[in-house]
Amino acid sequence: MENTNVAEEVAFNLPYQIHYQAPIVKIEVNSSVIKAITDEVNHQKVSVSSQYGDNIPHELVGLFEKPPVAVALHSMAHQIQLAIPLVVLSSTHDVNCLIDREDSNIVAYFYDTTDGGNGASEEIGKHLPLFATKAKSLASTCDCSYGCSKCLIQLGCPQQDERLHKTVGLFLPEAIAASYSA
Ligand SMILES: [Zn+2]
Ligand SMILES: [Zn+2]
């Protein structure tokens with residue numbers, strides 16, 4: 001028999017937090033890449049605005065979120081996370097990502113979700129072009145229009161899946177993959 005009575009309820013005064021140590025990989029972009037992303041996003045915004053006016057579809061709102069480099073990094077990080085099982089014997093949930101400010105720069109962090117690490121972030125750091133290539137093909141061949149849970153949306157995203165856009169996300173993986181195959 002199973003006991004389903006509630007013995008005690010505890011309300012946390014502070015948001016529940018856990019602390020653990022795990023390897024982290026940081027992704028930074030230089031000023032010319034930031035400019036290229038911003039130009040591309042501005043270009044896309046003009047075409048979306050001319051098509052929809054003020055009634056921008058919900059799926060395209062990410063395009064208008066600021067700053068464009070945060071949208072590009074967050075979307076790419078999700079696309080890479082979802083491509084992890086295509087590259088190594090690890091799961092999408094072995095890694096999480098976080099977009100943050102460091103001084104005046106916006107950076108992306110990958111970190112293992114296991115205390116002590118599980119090796120997945122280190123693999124991304126070591127083989128970024130390979131992960132970028134797989135992320136690019138996964139997202140660009142997905143038959144959704146604006147990004148779905150197979151190619152962009154990430155259950156358990158610590159930033160609530162905000163500032164995501166499928167096409168903006170593909171900008172960096174495409175550039176990395178192109179320089180890798182060149
Ligand atoms: Zn999709
Ligand atoms: Zn996220």
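The turns below take up confidence, the metal site, a helix, a hairpin and a loop residue.

Q: What is the average pLDDT of the chain, and where is confidence lowest and highest?

A: This is a predicted model, and pLDDT expresses the predictor's confidence in each residue on a scale from 0 to 100. The chain averages a pLDDT of 92, and 99% of its residues score at least 70. Confidence is lowest in α5, with a mean of 91, and highest in α2, with a mean of 97.

Q: Which residues coordinate the zinc ion (ligand 2)?

A: Water is not among the atoms, so a site may look incomplete. Here the zinc ion (ligand 2) is coordinated by H74 through NE2, H78 through NE2 and C157 through SG, at 2.0 to 2.2 Å. The spacing of these donor residues in sequence is H-x3-H-x78-C. H78 lies in helix α2 and C157 in the loop between α4 and α5; the pair, 79 residues apart, links distant parts of the chain.

Q: Are H78 and C157 buried or exposed?

A: A residue counts as buried under 20% relative accessible area. Both H78 and C157 are buried.

Q: Which residues of α4 are buried, and what covers them?

A: The buried residues in α4 are L128, F131, A132, A135 and A139. They lie on the same side of α4, because they cover an arc of only 100° around the axis. The elements covering the buried residues of α4 include β1 (24-27), α2 (68-87), α3 and α5 (166-181).

Q: How many bridges join strand β2 to β3, and how do the strands run?

A: In a regular strand, side chains alternate between the two faces of the sheet. In this model, β2 (residues 95-102) and β3 run antiparallel and are joined by eight bridges. One of the partner pairs is V95 with D112 in β3. The hairpin has two residues between the strands, and D103 takes a positive phi near 55°.

Q: Where is G119 found, and what is its relative accessible area?

A: Sequence position and accessibility are read separately. G119 is found in the loop between β3 (105-112) and α3 (120-126). Its relative accessible area is 23%, so G119 is partly exposed. G119 and I84 are 35 residues apart in sequence, with their C-alpha atoms 12 Å apart in space.

Terms used:
Residues numbered from 1 in each chain as written. Chains lettered and ligands numbered in written order. Predicted model: local features only at pLDDT ≥ 70, side-chain atom pairs only at ≥ 80, totals over all residues. Heavy atoms only, no water. Helix = DSSP H or I, 4+ residues; strand = E, 2+ residues; numbered from the N terminus. Buried < 20%, exposed > 50% of the residue type's maximum accessible area, 1.4 Å probe, protein only. Arc of directions from axis to C-beta. Contact = heavy atoms within 4.5 Å. Donors = N, O, S within 2.8 Å, 3.2 Å for Na, K, Ca; no water. Pairing = 2+ DSSP bridges.
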